Amino acid sequence: MTKRTSAKYKIDRRMGENIWGRAKSPVNRREYGPGQHGQRRKGKLSDFGIQLRAKQKLKGYYGDMTEKQFRRIFAEAERQRGDTGELLVGLLERRLDTVVYRAKFVPTIFAARQFVNHGHVTVNGQRVNIPSYRVKEGDVIEVREKSKQMTALLEAVQLAERDVPDYIEADHSKMTATFVRIPGLGDVPYPVVMEPNLVIEFYAQN
(Lines give C-alpha, C1' and ligand atoms only; values in the text may rest on other atoms or scores of the structure.)
Protein backbone atom coordinates (compact mmCIF):
# COMPACT_ATOMS: atom_id res chain seq x y z
CA MET A 1 0.00 0.00 0.00
CA THR A 2 1.37 3.38 -0.96
CA LYS A 3 1.79 6.14 1.60
CA ARG A 4 -0.88 8.14 -0.23
CA THR A 5 -3.40 5.28 -0.14
CA SER A 6 -2.61 4.58 3.48
CA ALA A 7 -3.23 8.23 4.38
CA LYS A 8 -6.54 8.22 2.50
CA TYR A 9 -7.77 5.16 4.39
CA LYS A 10 -6.57 6.62 7.66
CA ILE A 11 -8.73 9.70 7.08
CA ASP A 12 -11.78 7.47 6.58
CA ARG A 13 -11.11 5.58 9.78
CA ARG A 14 -10.32 8.71 11.77
CA MET A 15 -13.63 10.24 10.67
CA GLY A 16 -15.48 6.97 11.15
CA GLU A 17 -17.12 7.47 7.76
CA ASN A 18 -16.52 6.42 4.18
CA ILE A 19 -16.20 10.03 3.04
CA TRP A 20 -15.48 9.25 -0.63
CA GLY A 21 -17.93 6.36 -0.92
CA ARG A 22 -15.15 3.97 -1.93
CA ALA A 23 -15.97 0.26 -1.98
CA LYS A 24 -12.56 -0.58 -0.49
CA SER A 25 -12.79 1.82 2.45
CA PRO A 26 -11.77 0.10 5.72
CA VAL A 27 -14.76 1.73 7.41
CA ASN A 28 -16.90 -0.78 5.52
CA ARG A 29 -15.28 -3.48 7.66
CA ARG A 30 -14.00 -1.70 10.78
CA GLU A 31 -15.84 1.19 12.33
CA TYR A 32 -13.21 2.01 14.93
CA GLY A 33 -10.43 4.55 14.44
CA PRO A 34 -6.80 3.95 13.47
CA GLY A 35 -3.99 3.22 15.94
CA GLN A 36 -3.64 0.99 18.97
CA HIS A 37 -6.32 2.87 20.91
CA GLY A 38 -8.80 3.01 18.04
CA GLN A 39 -11.14 0.40 19.50
CA ARG A 40 -11.71 2.23 22.77
CA ARG A 41 -15.27 3.38 23.29
CA LYS A 42 -15.83 6.82 21.83
CA GLY A 43 -16.82 9.52 24.28
CA LYS A 44 -19.41 12.16 23.50
CA LEU A 45 -17.89 14.97 21.46
CA SER A 46 -18.00 18.54 22.75
CA ASP A 47 -19.32 21.36 20.51
CA PHE A 48 -15.69 22.13 19.66
CA GLY A 49 -15.09 18.48 18.79
CA ILE A 50 -18.15 18.34 16.53
CA GLN A 51 -17.07 21.52 14.73
CA LEU A 52 -13.49 20.31 14.40
CA ARG A 53 -14.66 16.97 13.00
CA ALA A 54 -16.80 18.77 10.40
CA LYS A 55 -13.83 20.88 9.33
CA GLN A 56 -11.50 17.87 9.15
CA LYS A 57 -14.03 15.91 7.12
CA LEU A 58 -14.58 18.67 4.56
CA LYS A 59 -10.86 19.44 4.34
CA GLY A 60 -10.04 15.73 4.06
CA TYR A 61 -12.57 15.16 1.30
CA TYR A 62 -10.77 17.63 -0.96
CA GLY A 63 -7.46 15.80 -0.70
CA ASP A 64 -6.59 16.57 2.93
CA MET A 65 -5.29 20.01 1.99
CA THR A 66 -3.20 21.92 4.51
CA GLU A 67 -4.85 24.05 7.18
CA LYS A 68 -3.27 27.14 5.63
CA GLN A 69 -4.80 26.39 2.21
CA PHE A 70 -8.20 25.59 3.64
CA ARG A 71 -8.24 28.63 5.93
CA ARG A 72 -7.37 30.89 2.98
CA ILE A 73 -10.30 29.53 0.94
CA PHE A 74 -12.63 29.94 3.92
CA ALA A 75 -11.48 33.54 4.41
CA GLU A 76 -12.26 34.28 0.76
CA ALA A 77 -15.74 32.75 1.09
CA GLU A 78 -16.31 34.84 4.21
CA ARG A 79 -15.42 38.07 2.37
CA GLN A 80 -17.95 37.46 -0.38
CA ARG A 81 -21.61 38.42 -0.15
CA GLY A 82 -23.95 35.48 0.40
CA ASP A 83 -24.11 32.26 2.39
CA THR A 84 -20.53 31.53 3.54
CA GLY A 85 -21.07 27.76 3.64
CA GLU A 86 -22.43 27.66 0.09
CA LEU A 87 -19.65 29.95 -1.13
CA LEU A 88 -17.00 27.78 0.57
CA VAL A 89 -18.25 24.66 -1.17
CA GLY A 90 -18.44 26.55 -4.47
CA LEU A 91 -14.80 27.63 -4.19
CA LEU A 92 -13.68 24.10 -3.32
CA GLU A 93 -15.59 22.67 -6.29
CA ARG A 94 -13.93 25.17 -8.62
CA ARG A 95 -10.46 23.81 -7.92
CA LEU A 96 -9.01 22.19 -11.04
CA ASP A 97 -8.15 18.96 -9.24
CA THR A 98 -11.74 18.73 -7.98
CA VAL A 99 -13.15 19.21 -11.49
CA VAL A 100 -10.80 16.52 -12.85
CA TYR A 101 -12.03 14.19 -10.10
CA ARG A 102 -15.70 15.05 -10.65
CA ALA A 103 -15.32 14.43 -14.40
CA LYS A 104 -14.15 10.88 -13.59
CA PHE A 105 -10.82 11.28 -15.33
CA VAL A 106 -9.16 9.78 -12.23
CA PRO A 107 -10.33 7.41 -9.47
CA THR A 108 -9.57 9.61 -6.43
CA ILE A 109 -9.09 13.24 -5.48
CA PHE A 110 -5.50 12.40 -4.55
CA ALA A 111 -4.90 11.02 -8.04
CA ALA A 112 -6.49 14.18 -9.48
CA ARG A 113 -3.95 16.38 -7.71
CA GLN A 114 -1.09 14.27 -9.05
CA PHE A 115 -2.64 14.13 -12.53
CA VAL A 116 -2.79 17.92 -12.71
CA ASN A 117 0.66 18.33 -11.16
CA HIS A 118 2.17 16.15 -13.86
CA GLY A 119 0.76 18.34 -16.60
CA HIS A 120 -1.83 15.96 -18.06
CA VAL A 121 -4.63 18.52 -18.47
CA THR A 122 -5.33 21.77 -20.29
CA VAL A 123 -7.85 24.50 -19.53
CA ASN A 124 -9.23 26.21 -22.64
CA GLY A 125 -6.30 24.75 -24.59
CA GLN A 126 -3.61 25.98 -22.19
CA ARG A 127 -1.62 23.52 -20.11
CA VAL A 128 -2.21 24.03 -16.37
CA ASN A 129 -0.33 22.09 -13.69
CA ILE A 130 -1.62 23.86 -10.57
CA PRO A 131 -4.23 21.75 -8.71
CA SER A 132 -5.65 24.81 -6.92
CA TYR A 133 -6.20 26.66 -10.20
CA ARG A 134 -9.72 28.11 -10.07
CA VAL A 135 -11.97 27.10 -12.93
CA LYS A 136 -14.62 29.51 -14.23
CA GLU A 137 -18.06 28.81 -15.67
CA GLY A 138 -17.69 27.76 -19.31
CA ASP A 139 -14.07 26.63 -18.98
CA VAL A 140 -13.20 23.48 -20.92
CA ILE A 141 -10.84 21.01 -19.27
CA GLU A 142 -9.24 18.42 -21.52
CA VAL A 143 -6.83 15.56 -20.99
CA ARG A 144 -3.76 16.12 -23.16
CA GLU A 145 -3.59 13.93 -26.25
CA LYS A 146 -0.53 11.95 -25.14
CA SER A 147 -2.23 11.14 -21.80
CA LYS A 148 -5.59 9.90 -23.10
CA GLN A 149 -4.61 6.24 -23.22
CA MET A 150 -3.31 6.02 -19.66
CA THR A 151 -4.60 2.87 -17.95
CA ALA A 152 -5.66 4.68 -14.77
CA LEU A 153 -7.64 7.17 -16.84
CA LEU A 154 -9.49 4.51 -18.80
CA GLU A 155 -10.28 2.57 -15.62
CA ALA A 156 -11.58 5.67 -13.81
CA VAL A 157 -14.07 6.42 -16.58
CA GLN A 158 -15.64 2.98 -16.02
CA LEU A 159 -16.06 3.36 -12.25
CA ALA A 160 -19.65 2.70 -11.27
CA GLU A 161 -19.40 3.98 -7.69
CA ARG A 162 -19.97 7.63 -8.65
CA ASP A 163 -21.52 9.71 -11.42
CA VAL A 164 -20.52 13.00 -13.02
CA PRO A 165 -22.63 15.77 -11.39
CA ASP A 166 -24.86 17.92 -13.60
CA TYR A 167 -22.77 21.07 -13.14
CA ILE A 168 -20.05 19.40 -15.21
CA GLU A 169 -20.54 18.15 -18.76
CA ALA A 170 -18.08 15.36 -19.47
CA ASP A 171 -17.40 13.74 -22.84
CA HIS A 172 -15.34 10.64 -22.12
CA SER A 173 -14.96 9.82 -25.82
CA LYS A 174 -12.95 13.05 -26.19
CA MET A 175 -11.76 13.23 -22.56
CA THR A 176 -13.11 16.75 -22.14
CA ALA A 177 -15.20 18.36 -19.43
CA THR A 178 -16.98 21.71 -19.33
CA PHE A 179 -17.56 23.44 -16.01
CA VAL A 180 -21.16 24.53 -16.53
CA ARG A 181 -21.92 26.36 -13.31
CA ILE A 182 -20.84 26.86 -9.72
CA PRO A 183 -22.73 24.35 -7.56
CA GLY A 184 -24.45 24.90 -4.25
CA LEU A 185 -24.12 22.53 -1.32
CA GLY A 186 -27.22 20.59 -2.37
CA ASP A 187 -25.80 19.99 -5.85
CA VAL A 188 -22.58 18.32 -4.73
CA PRO A 189 -22.71 14.50 -4.62
CA TYR A 190 -21.02 13.98 -1.25
CA PRO A 191 -21.29 10.31 -0.15
CA VAL A 192 -21.64 11.55 3.44
CA VAL A 193 -23.27 14.61 5.00
CA MET A 194 -21.02 17.67 4.97
CA GLU A 195 -21.77 20.51 7.39
CA PRO A 196 -20.04 23.73 6.31
CA ASN A 197 -22.17 25.61 8.86
CA LEU A 198 -20.16 23.87 11.59
CA VAL A 199 -16.93 24.89 9.84
CA ILE A 200 -18.11 28.50 10.02
CA GLU A 201 -18.81 28.09 13.75
CA PHE A 202 -15.38 26.54 14.27
CA TYR A 203 -13.52 29.47 12.72
CA ALA A 204 -15.78 32.01 14.41
CA GLN A 205 -14.79 30.66 17.83
CA ASN A 206 -11.15 29.75 17.23
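At what angle do helix α3 and helix α8 pack, and how far apart are their axes? In this predicted model, α3 (residues 67–79) and α8 (residues 196–205) pack at an angle of about 100°, with axes 12 Å apart. Angles of 65 to 115 degrees count as roughly perpendicular, so α3 and α8 are roughly perpendicular to each other.

From α3, the contact uses Glu67, Phe70, Arg71 and Phe74. From α8 come Val199, Ile200 and Tyr203. The residues of this contact divide into five nonpolar, no polar and two charged.

Helix α3 also packs against helix α4 (residues 84–93). Their axes come within 8 Å and cross at roughly 130°. The two helices are therefore oblique to each other. The crossing of α3 past α4 is right-handed. On the α3 side, the contact residues are Phe70, Ile73, Phe74, Glu76, Ala77 and Glu78. They meet Thr84, Leu87, Leu88, Leu91 and Leu92 in α4. Here the division is eight nonpolar, one polar and two charged.

| Helix pair | Angle | Axis distance |
|---|---|---|
| α3 and α8 | about 100° | 12 Å |
| α3 and α4 | roughly 130° | within 8 Å |

Now α3 itself. At 1.5 Å a residue, its 13 residues should span 18 Å. The end C-alpha atoms of α3 are 18 Å apart, which agrees.

Which residues of α3 are buried? They are Phe70, Ile73, Phe74, Ala75 and Ala77. These buried residues pack against α2 (47–61), α4 and α8. Phe70 and Phe74 take part in the contact with α8, and Phe70 and Phe74 also meet α4.

Technical notes. Residues are numbered from 1 along each chain as its sequence is written. This is a predicted model: local features need pLDDT of at least 70, side-chain atom pairs count only at pLDDT 80 or more; totals for chains, interfaces and linings use all residues. Side-chain values use heavy atoms; hydrogens and water are left out. Axes are lines fitted to C-alpha atoms, for helices over the stretch in contact, and angles run from 0 to 180 degrees between N-to-C directions. Helices (H or I, at least four residues) and strands (E, at least two) are DSSP runs, numbered from the N terminus. Angles under 35 degrees count as roughly parallel, over 145 as roughly antiparallel, 65 to 115 as roughly perpendicular and the rest as oblique. Contact means heavy atoms within 4.5 Å. Ala, Val, Leu, Ile, Met, Phe, Trp, Tyr, Cys and Pro count as nonpolar, Asp, Glu, Lys and Arg as charged, and the others, Gly among them, as polar. A crossing is left-handed if the near helix is turned anticlockwise from the far one by less than a right angle, and right-handed if clockwise. The expected span of a helix is 1.5 Å times one less than its number of residues. Buried means under 20% relative accessible area, exposed over 50%, partly exposed in between (1.4 Å probe, protein chains only).
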